[in-house]
Amino acid sequence: MSIHLPQTLNEALHMLQVVPHAQILAGGTDFMVEVNFNKHGVHDVIALRHVDELKKWSHDTVAGVVTIGAAVPYADMEHGELAQLFPALAEAARTVGSPQIRAAGTLGGNLGTCSPAGDALPVLFALNAVINVASTHATRSIPVADFMRGPKRNDLAQDELIVSVTIKTVAGWQGYAKVGTRNAMVISVASASLVLDHVNNSSRIALGSVGPTIIRCIQAEQWLQGVYDFTSHQALDDSIATEFGQRVSQESRPIDDHRSTALYRRHAVGVLAKRLLQRGSAQ
Amino acid sequence: MSETQFYSLRVNGKQREVTDAWLGESLLYVLRERLGLPGSKGACEQGECGSCTVIIDGAAVCSCLVLAASAVDTDITTIEGYSDGALTDVQQAFIDEGAVQCGFCTPGLIVAVHHLLEHTPRPSEMKVKEALSGNICRCTGYGRIFAAVTRVIEQRDHQ
Amino acid sequence: MNLSAVRTRRDTLGTSALRPDGGPKVQGSFAFSSDVWADNMLWGATLRSPHPYARIVSIDISEAIKIAGVETVVIAEDVPGQLTYGLIDSDQPVFASEVVRYMGEPVAAVAADHPETCRRALAAIRVEYEVYEPHINPEDSISGAVPAIHPNGNLLRYQRIVCGDQNATGPIVVEGEYEIGMQDQAFLGLEAALAIPDRDGAGLEMIVATQWLHEDRKQIALCLGLPEDKIRLTLGGVGGAFGAREDISLQVHASLLALRTGRPIKMQYSREESFFGHVHRHPAKIWVRHHASADGMIIKIEARMVFDGGAYASTSAAVLINGVTHIQGPYRCANAIVDGFAARTNNPPCGAMRGFGVVQACFAHESQMDKLALACGLSPVEIRLRNAIRTGDRLITGQPVESVAPVERCIRETDAIPLPPDMTPSPHELSLPGGSGRTADRRHIVRGVGWGVSIKNLMYSETFDDFATARCRLQDGVVTLKFATSEVGQGFVTLAPQIARSVLGVDTVIVEPMDTTIGSAGSTSASRQTWMSGGAVDGACRLVRERLFEHVAKEHNIDPLRLEIDDTDIIDTFGTLRIAVANASAGMVFEETFEHHHRPTEDLDENGQGNCHVAFAFVAHRAVVDVDTELGLVKVVQIATAQDVGRALNPLSVLGQIEGGIAQGLGLAVMEEVLMVNGIVKNPSFTDYLLPTALDAPEVVAVLIEEPDPQAPLGAKGVGEPPCISVTPAIAAAIRAATGRAITRVPVRPSDICL
């Protein structure tokens, strides 16, 4: 039983090598719930609290690429420059738990846990984010869709750490919406993030809590591309939005659980898709 | 218990030794059961009630979700760190406006309100509600709590 | 309500005196029961059944007891006294020994040096179960379709009410079936106690959060096989109760561990354990049929009410009586036939929660009133005004309503409260249904308005003499009060000194710790403490005042009847004598104890007839909600209410009760439910049992109807329960108005609105 508090990323990676089954502790908002509820024990912990490299983000304006450290708390995404760069991420961040949770919780945590209800994950999918992981001997960059392997399963090897998330800025509209049965501090029953790419005249939509993983609705996106010109700035016909919602809904794979029913989730996610498209096209 | 930890935490400006601790102890547990600071309350163990809110390095967080042993080399402020006998304006307003009933959520709320007003001296009504949406109160229905916050904002404005 | 207007120089009755425990509470220094500790203390923890229904084949504690730091493990055979406990029927085992009847039933308890050691010890106890199919349908329990799951049978109580002409009918007949989900009290301060054994091992002291110290003591003593005087209970700080601390939870377990180890035992539940460790609000299914005249006057009510009591009796029998006797609502009705059942199942035990059986009845009768209004072409307000009960009317139990019954006034004053302004063209995104999820825009929202009105009995019913005791001592102008009244947050510690100041003309009032060294105060429940313990404090203070007046009269050679308290002085109403109470009592000690008893009540007979209740209070609620009809999400915008309070002894406290009760009723209306699948609780946590947050709280506009009740010792009615009762149907009605959906079940789920 041990705890390690590395000061640098290299130190953290080295510790991970030395203590191969170590538990990684970032914001603690998932980890400590499991400990407190006696769902898993505590043995050897590497706490990333003091690794400042992981708490930074940077914007390469030339390449149009933003890299967000895995330990940047959601609170930092809700407002300010990051929020302007990625409004959908800001909207998702604002729905994560409570202000106290957002001050601690991180993208690295959402990716480490890989719950289909992870609030930021649909946004990362819709933005085609790339997950940067590292070990002492190598670094890898993995598209988020490949990183998330299943419910609470990801591509991370035992000696790897999630270092950062790289996202290309997108010219166009982006948004996020989440259904929960309370007006704040609620686990997602269904969520969706939509990105309208004005340069490539395409859209990407990803859904949360309606399948074993985050779901990209490729067919609905392709259909939309065929019927609507994102660069035209023309008013969107309501029937297009409605059909888009229906098509998105058909691509969802929800289940019944204590938070909701498959039937409602399928319905709700379609409504979210419709409304996001209407919002996005009205801009 | 075997497998114990020794570490030191900086709480309310004082360095405090923690000995013979189990590694899995939350900061909330250590504050309450080891350091004699029971003001922070536990009511959910999963960050869904805010009763255990403390300030760590300037951020208001749930101490039930902080692994205590990971909080070394941070500045921790608990409810006990807000007043040395005399009440703060926020504390006084909570009493005056009837924002306290059973009082279990109160310490966490006091910390959250101080933190809010420190960063946003004149929050809008919705901002107050959003900032306090992680602090569950089961007794008051929040009406008197909002009234207390409004009172503090007005008082500070007049000063 | 202008609260500052009623603040005066002295914190007497009628002023918004501030809480004396406010300072410690805002500073975090107030000692809740979970905050207390003792040297050399051990932690206690409970092993609970993972199955809703199973036979215990064997329990092997041998591995658990070997773990370093574990001091003892106790099971059913270690219980020295009575093996079962319970508030009304002693039918619940301290530890299950042969059969477990609900998920979470205690099977064993351990004492160890650290909570984590306790967890490991619990995990090391091997219990072999033969798992049975749980009986979860109360109808099967009623019909006898399933074998008895308890020696006492599967019917906890049946009560019929038959009144008036059974053949009466009218041109308007409306009926409906309604369902109420299982709500949890969800107090924030989890169950906790510290049990300290006496040196001789023959008794113990316990600091505990409870609603009723003396009843706890009685049950602990029986289970430990000790005389009551060997057990001393002191109230630890209580972090809310709402009914969930009326039954005992960890009291016997902690006592047992303390006596076994000879060391102090601290026990406190986690939130998850708390969901299994206390009773919940009864889920209920209610069928009702109203017969009315064309102009909407109720002629007859028929009802069949089924309450799921869960595995053990708790207070189910009393909850059921409240349900059946309140199904008529605050409306006149001459003819009725009502059948009520409280059934035993393998679901979690249900018992007391704020509103106590009336919440369920009210959702049904108020839903019916709206149906009736529609059928008669009347507004929701008009139908309720036409049928509103008045003082002197007889209930379907034959009991006359002797309490002040300002039902009509409650409705009219609520109706006079201005509606909130219409939604602005671009409302704040967090103010819309869906809140921070940003699901809706302005155009997706439909607004609805709905009504609920209720009647609630005060105090215990059916011949129960739930008296309260208080002692008052006046010494050198300072009053010391003693009572065992549980302060759970409601503010009796504020009110009691107000009473003493008003009666005795003193300013300094000390409230001693609540414990069992004085007689019982009864339970902090049933909206009863202001009336009962308030009456006891008032009575004790009046006795002291008599003694004081006798003393002053003797000294001045006048008739004590001429004396009166004026502010902080004693004055001679026929003369010029004026003497400060502080001076008059200098060097003297006056001490008196008073027991307040309410008037006797009767049992219901087999036809449900009898004066079973003590008194009644009334309230009206009007809800305004915004609904996202496509997603089924709801934001409650405003609750307007006028409540019959008798007399507002502390307007700020009353408002706190009103706003807090409304939030709990809102919770039941749109989000709070303990979910079960085949007896398994699916959401025992605050992640999945949702309580209203600051962003869910509506604006509350409250009017206090003050018509002092002559029966009430201070003219004041209990105000705790009424706020949470009719607000739930009011919100449901507002959702109906916005959506056109039938809404026959609470909590209303999004899918009930949009699918």
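Predicted model: local features only at pLDDT ≥ 70, side-chain atom pairs only at ≥ 80, totals over all residues.
Figure 1. Residue pairs in polar contact between chain B and chain C number 23, counting pairs with both residues at pLDDT 80 or more. On the chain B side, at least two residues each come from α1 (27–34), α2 (89–96), α3 (106–119), α4 and α5 (143–158). By class, the side of chain B that touches chain C is made up of 24 nonpolar, 15 polar and 16 charged residues.

**Figure 2. Extent of the contact between chain B and chain C.** Here 55 residues of chain B meet 64 residues of chain C. About 4,400 Å² is buried between chain B and chain C. Carbon and sulfur atoms account for 57% of that area.

**Figure 3. The interface of chain B and chain A.** In this view 35 residues of chain B touch 31 residues of chain A. The area buried between chain B and chain A is about 2,500 Å², with 63% from carbon and sulfur atoms. The rule finds 3 salt bridges across the interface of chain B and chain A. One of the salt bridges joins the side chains of Glu130(B) and Arg102(A), at 3.9 Å from N to O. Polar contacts between chain B and chain A come to 8 residue pairs, both residues at pLDDT 80 or more. Two or more residues on the chain B side are given by each of β3 (53–56), β4 (59–62) and α4 (125–131). The largest contribution from an element is that of β4(B), with 4 residues. Sorted by class, the side of chain B that touches chain A has 18 nonpolar, 12 polar and 5 charged residues.

**Figure 4. Domain 1 and domain 2 of chain B.** Domain 1 of chain B covers residues 4–81, and domain 2 of chain B covers residues 89–158. Their C-alpha centres are 22 Å apart. The contact involves 15 residues of domain 1 of chain B and 12 residues of domain 2 of chain B. Between domain 1 of chain B and domain 2 of chain B about 970 Å² is buried, 65% of it from carbon and sulfur atoms. On the domain 1 side, the residues that lose the most area to domain 2 of chain B are Lys41(B), Thr53(B) and Ile79(B), which together give 40% of what that side buries.

**Figure 5. Polar contacts and elements at the domain interface of chain B.** The rule finds 0 salt bridges between domain 1 of chain B and domain 2 of chain B. The count of residue pairs in polar contact between these domains is 4, with both residues at pLDDT 80 or more. The elements with two or more residues on the domain 1 side are β3 and β4 of chain B. Of the elements, β3(B) gives the most to that side, with 3 residues. By class, the domain 1 side has 7 nonpolar, 6 polar and 2 charged residues.

**Figure 6. Fold and dimensions of chain B.** Chain B has 5 helices and 5 strands. Along the sequence their order is β-β-α-β-β-β-α-α-α-α. The C-alpha trace of chain B spans about 55 × 30 × 25 Å along its principal axes.

How values were computed:
Residues numbered from 1 in each chain as written. Chains lettered and ligands numbered in written order. Heavy atoms only, no water. Contact = heavy atoms within 4.5 Å. Buried area = accessible area lost by both parts, 1.4 Å probe. Salt bridge = Lys/Arg side-chain N within 4 Å of Asp/Glu carboxyl O. Polar contact = N/O pair within 3.5 Å; in protein donor to acceptor, adjacent residues only side chain to side chain. Nonpolar A, V, L, I, M, F, W, Y, C, P; charged D, E, K, R; others polar. Domains from an automatic or database assignment.
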